[in-house]
Structure formats: structure tokens, C-alpha cells
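Biologist: I would like to learn how to read the spaces inside a protein model and what sits in them. Could you take me through one?

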Amino acid sequence: MNHIPVLLKESIQSLNIKNNGMYIDATYGCGGHTKLILSKLGNYGRIYAIDCDIKTILKHKIIDNRIVYINNNFSNLKSILDNKIGKIDGILFDLGISSFQLNNPQRGFSYMFNGPLDMRINQKKEETAYTLLKNINEKKLSEILKKYGEEKYHKKIAYNIKKYILHKKLNNTQDLSTLICSINKKSKFKHPAKRSFQAIRIFLNKEIEELKKALNNSLKLLKKGGILSIISFHSIEDRIIKYFMKKNSILYKKNIHHKLPLTEKEINNFYYKNNKIKLKIISRIFPSKKEIFKNPRSRSAILRIAEKI
Ligand SMILES: C[S@@+](CC[C@H](N)C(=O)[O-])C[C@H]1O[C@@H](n2cnc3c(N)ncnc32)[C@H](O)[C@@H]1O
């Protein structure tokens, strides 16, 4: 199945594309969001399309001289685009992995297909899910399953993963999925292995650290009035984005809460006077029922939008 871009219209609308603006699609994937940006961009506009997965870029590359492809990690945004500090009109993140990656059994992301225990988003990295599970100790693994998967049976699953891998009985995604299903019995709504697979993937790819770094770098690259739009798919990421936006915006400054201005004009004046505040929160958007019906993958998505001030 092809990748269907999530919250496509909403996220691109939020970027308020300027004819000759400069944009970053920090998670190019199959190019769905980039394509829509391109359709609104004039001849002198630019899109910096980033993805750390070279196979994804090569497979979905659109030939257009307004796109600059960058095969790198989005946490390196600032060093890659150092000469663009304060010049970017909008940055979009559509976090996680695409259907192109998820549905390829060889990538090892899915509990639905059998494949190697790989799970690397960036295939240049050496460590795979298999080597991680083999080398990590039981206590740490249990913590990861709890922290990044909010898995109720984290201790039992960690114990069994270590036991099976030691006896060479855990060799592929099917073995892992079967093992988890034998501990966490099938629920009506979610596959029992979903949470553990998510946790291992997040930890292996350092997704949380990467996101935190990328958020801070984005602030430096955006120009005044530039837009930061981020689509996330699970509560751990969303909490980080929400906290980051609040921390850098007026609402979170508890010490000035009592002085919170009231009118739109007063709020704008306040933003411009207070140079510690870097963002203005614009909105938070969820997919419509229609979108969820058409693309069930979108059901857990949240789009958060903020403006650099
Ligand atoms: C959900 S997909 C994006 C789909 C895209 N918006 C589209 O419409 O086709 C996320 C993409 O981000 C990439 N990605 C994930 N983490 C990354 C990171 N730390 N640095 C760069 N790319 C990353 C993945 O390889 C994947 O292709």
C-alpha cells in the first residue's frame, strides 16, 4: 500500500506558503507533503527535503530544481543549513516512519510480516534491533518497554526476550511478535505487540533525543513569522512537542501569568517586547473522522503549529 500523507491540507495550509519562500520538509518520506508545498511555490522558492533513509529518497525523488535533497538526520538541521539561520519561512515534521518502510518486511518494523529484526530508520547505522536485544540487559530492556511503549507487561516481556535470544529462539519479527502475544493476550483494539515494537524502534533510533535536538535547531533557522508545524503519532512525542512550544511561548512563563495581556493587540505587543519568548502557539489540529476512515494510520496523529516571533 502506498503511503498516504496525514493531515496533508491542514499542515501545508498552516505553513502559509509564500511564493518565493524557503521551506524545510524535515521528514521527506514519500514526498507527499513536499508535493503540495511545491504546487504553491513560485519559481524562486526552495524546499530542503531531509530524510535519513537514503532508500526512501531514491525511491520517491521528484525531479524539480526547487528541491534540495539532504540525506541526513533532522537533528543536524542547523549544521546542514548553517547559512540559512533566521531565513527559513516554515519547517514541517511528519514524525515516525512511512508505509513504504513499515510495509517492507525486510525493514523489520512490522509485527504483521515476518522479517529480520532490523528496525533501523537510517540503514547506515550498525546497531539493529537484534543486536540491541542481544546486548542489552534485562532491567534496561524492561525500562525501555515501559518508558517508550507504556507496556504493562514490560518485566515479563523483557525476561522472555532475553531468555529466548540467549537460546537462539528469537531470530525474526515473527518470533518476537509470537513471544509478546503469548504474554500479552490479544486485545480487541490493538495488536499486543504494537507497544513493544514501538518502544524498541524509538529507543534504537534515538527518536526522542533526535526530536529534542531538532526542535531547538528549528527555532534558530526560522525567520520572524516563520512557522513550525509538527505532526506526531504517539503521546511521548506529543508531550515533548507540547512542552517545547509552551516553554518557548507566553503561556508557560508562570512568573508573568498574572500580567497576561488580554486583547490580541496587547498580546502581540507583549510578544515583541519580551525577547525571551520565541514562539506563539497557533493551534492544535486532529484528523477528521473522514480522514481516519480513509486512512486509519492517521487516527493517533496530532498537528501542533507555532509561529516564531
Ligand atoms: C511519516 S514519514 C513522512 C512521510 C511524508 N511526509 C510523506 O508525505 O510522504 C517520516 C519520514 O521521516 C524519516 N525520518 C524519521 N526520523 C528521521 C530523522 N531523525 N531524521 C531524518 N529523517 C527521519 C523517515 O525515514 C520517514 O521517511
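Predicted model: local features only at pLDDT ≥ 70, side-chain atom pairs only at ≥ 80, totals over all residues.

Biologist: Which residues come nearest to the ligand?

Modeller: There are 23 residues around the ligand, and His33, Asp51, Asn73, Asp94 and Gln101 come nearest. Sorted by class, this shell has 8 nonpolar, 12 polar and 3 charged residues.

Biologist: Now for empty space. How does one find it?

Modeller: The general idea is that rolling a probe the size of a water molecule over the atoms shows where empty space is left. A cavity is a set of points where the probe fits but cannot get out, while a pocket is an open set.

Biologist: How many cavities of 30 Å³ or more does the count give here?

Modeller: The count comes to 1 cavity. The largest cavity has a volume of about 460 Å³, and the space taken by the ligand is this largest cavity.

Biologist: What lines the largest cavity?

Modeller: Its lining has 33 residues, with Thr27, Phe74, Asp94, Leu95 and Gly96 nearest the centre. By class, the lining of the largest cavity has 12 nonpolar, 13 polar and 8 charged residues. Helix H2 (32-40) and helix H11 (207-221) each supply at least two lining residues; the largest share, 3 residues, comes from H11.

Biologist: And the open spaces: how much space lies in the largest pocket?

Modeller: About 1200 Å³ lies in the largest pocket. This pocket is lined by 35 residues, of which Leu102, Tyr111, Lys194, Arg297 and Arg299 lie nearest its centre. The classes in that lining are 15 nonpolar, 11 polar and 9 charged residues.

Biologist: Which helix gives the most to the lining of the largest pocket?

Modeller: H10 does, with 5 residues. Helices that each supply at least two residues of that lining are H5 (99-102), H7 (138-149), H10 (194-204) and H12 (235-247).

Key: Residues numbered from 1 in each chain as written. Heavy atoms only, no water. Near = heavy atom within 4 Å. 1 Å grid on protein atoms, 1.4 Å probe; cavity = no way out; pocket = protein on both sides within 12 Å on 5 of 7 lines; lining within 4 Å. Sits in = over half its atoms within 2 Å of the grid points. Nonpolar A, V, L, I, M, F, W, Y, C, P; charged D, E, K, R; others polar. Points joined across faces, edges and corners; volume = space filled by probe spheres on them. Helix = DSSP H or I, 4+ residues; strand = E, 2+ residues; numbered from the N terminus.
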